[in-house]
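Hi,

Here is the structure I promised to pass on. Please open it first, then read my notes below.

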Amino acid sequence: MTTTTPPVTLDDIRDAAVRLKGVAHRTPVLRSRTLDEQVGAEVFLKCENFQRVGAFKFRGAYNAASRLTPEQLARGIAAYSSGNHAQAVALAARELGTTAVIVMPEDTPASKRAATAGYGAEIVTYDRYTGDRVAIGEALAADRNLALIPPYEHPHVMAGQGTAALELLEEVGELDALMTPVGGGGLIAGSATVAKGLDSGIRMIGVEPEAGDDTRRSLEAGRRVTIPVPRTIADGQAAETPGELTFSVTRRLVDEIALVSDDEIREAMRFAFERLKIVVEPSGATPLAALLAGRAGPLPRRIGVIVSGGNIDAGRFAQLCAPEA
């Protein structure tokens with residue numbers, strides 16, 4: 001009989017939490033009576049939009065970068081990202097006294113690109129619709145002899161992302177369901193490892209934009225499926241296929257994937273701003289959109305939601321949230 005060792009375990013995530021203590025923020029959990037009444041459940045929002053760099057990605061980036069050897073750190077770090085992981089690696093590199101080179105799409109939101117450069121990283125751009133960011137990033141890292149930290153396909157990255165769910169469950173206690181956005185799969189893989197490790201009965205729900213449903217299709221097919229590059233306002237979830245490591249966790253531990261439209265994402269962003277008084281980027285709003293639009297099926301009593309990020313500039317936010325958008 002053969003067994004497959006999971007790429008990330010609950011102990012890995014607990015270890016990452018120790019490493020991140022005092023470095024990453026322990027982000028707040030927000031409650032809203034209005035939201036509870038509207039969806040008919042108690043909702044606990046883990047607000048990673050208040051994390052360093054404005055997104056959960058700092059957790060995984062720092063956990064992975066902090067484990068590099070002194071020799072690797074001296075040479076520098078490479079990464080590829082649509083925005084949040086880019087900022088996270090750039091900041092982690094700065095915290096650890098090294099340099100970072102980031103491969104980013106040409107159409108990355110200006111605020112994310114500026115923030116990445118502001119943390120001191122060198123930026124190399126590519127066309128997301130014609131270029132292969134993984135190949136570009138791997139070639140760059142090999143050419144410059146840099147340590148490559150991918151955005152999700154890495155055990156230490158997955159473990160770091162899972163610490164957000166660990167903090168949430170430590171703070172609010174038992175939950176009936178946990179919802180997270182799904183892009184490449186690092187956040188949901190880490191979160192599901194925590195949730196199911198602490199309570200096998202918890203319902204694990206991922207949320208994708210309708211135009212970027214590669215994980216839903218992959219789960220239905222029982223294998224990783226590749227789709228055309230998604231065109232959605234949720235740029236952080238514009239994945240073509242789930243990661244191999246992340247999907248190995250998702251297919252074991254995730255119960256369902258809900259889909260939301262761009263219009264439903266916009267409505268959730270407006271709701272968060274007007275009723276909860278927080279700014280959430282499109283990818284971070286997808287689980288809230290699924291709740292508000294009734295996309296997650298019959299809801300249990302206590303639901304945790306990872307609000308994954310809030311990186312969006314004022315002009316883009318106003319454009320997306322305008323009634324005529």
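Which residues does Thr-163 touch, not counting residues up to four places away in sequence? They are Ile-13, Ala-16, Ala-17, Leu-20 and Arg-59; contact means heavy atoms within 4.5 Å.

Before the rest, some ground rules. This is a predicted model: local features need pLDDT of at least 70, side-chain atom pairs count only at pLDDT 80 or more, and totals for chains, interfaces and linings use all residues. Residues are numbered from 1 along each chain as its sequence is written, and side-chain values use heavy atoms, with hydrogens and water left out.

Thr-163 sits in helix H8 (residues 155-172). Helices (H or I, at least four residues) and strands (E, at least two) are DSSP runs, numbered from the N terminus. Thr-163 is buried, with a relative accessible area of 1%. Buried means under 20% relative accessible area, exposed over 50%, partly exposed in between (1.4 Å probe, protein chains only).

Next, helix H5 (residues 84-95). Of its 12 residues, 10 are buried. Among them are Asn-84, His-85 and Gln-87. The buried residues pack against helix H3 (57-65), strand S3 (77-80), strand S4 (100-105) and helix H6 (110-118). After H5 comes Gly-97, with a positive phi near 75°.

Finally, Thr-116. This residue lies in helix H6. Thr-116 is buried, at a relative accessible area of 0%. Leaving aside neighbours within four places in sequence, its contacts include Ala-86, Gln-87 and Ala-90. Ile-102 and Met-104 are also in contact with Thr-116.

Best wishes
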